[in-house]
Amino acid sequence: FTIVRLQCELYNEGKDVITYQKEKLEMCFEELAPMLEEHYEEIASYKDKIELAPDWSRYFELDKSNILQIYTMRNNKTLVGYYICVVLPNLHYSNDLYSVNDIVLIKPEYRNKKNGLNLFSFVESAMREQSVSVMSVHMKTFLPFDKLCEGLGWDYMERLYTKCIKE
């Protein structure tokens, strides 16, 4: 895989400098780890049975091989959002790279159409540079961003059901 270094600066209401870039986990880990915990509190299902326990060693291993890719959104250099995905040849369509979203977050105070559009567009551009054929993203039904995806030309493709069977 080719590592692509992309950066885009956009001005938000004349005072904030919002940047979008691809980062390695070691560059953003100190900021990302606590945000992931906050994100867990906001969106996780089955919190009474399933605790947050990221396998950081595997995350770092996948990051080093460029299979895990982290795209960040920063306001004046402070992490305010991320789009993390896994990029691999698909098991069914081995001639094509697929980008499968692991997790996406924009902090609540930055959630607006412009920031979501810019983050997703930035990631799509990076995926095109890597010749990714298909991107997929998932979202919680109680915190949807369907309009963003539809506005960017994404197709509503599958349904996902879950059932916690842990006692």
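Visitor: Which residues have the most contacts inside the largest nonpolar core?

Guide: Y71, M73, Y83, L119 and M127 have the most contacts inside this core, which has 23 residues; a nonpolar core is a set of buried Ala, Val, Leu, Ile, Met, Phe, Trp, Tyr and Cys residues joined through side-chain atoms within 4.5 Å, and buried means under 20% relative accessible area, exposed over 50%, partly exposed in between, with a 1.4 Å probe and protein chains only. The model is predicted, with local features needing pLDDT of at least 70 and side-chain atom pairs pLDDT 80 or more, while totals for chains, interfaces and linings use all residues. Residues are numbered from 1 along each chain as its sequence is written, and side-chain values use heavy atoms, leaving out hydrogens and water.

Visitor: What makes the pair of F120 and F145 edge-to-face?

Guide: Rings of Phe, Tyr and Trp (its six-membered ring) pair if their centres lie within 6.5 Å, and planes under 30 degrees apart count as stacked, over 60 as edge-to-face and the rest as tilted. The centres of F120 and F145 are 5.8 Å apart and their planes are at 70°, so the pair is edge-to-face.

Visitor: Why is the pair of Y20 and F122 called tilted?

Guide: The planes of Y20 and F122 stand at 35°, with the centres 6.3 Å apart, so this pair is tilted.

Visitor: How do you know whether F120 and F145 are buried or partly exposed?

Guide: F120 has a relative accessible area of 4% and is therefore buried, whereas F145, at 22%, is partly exposed.
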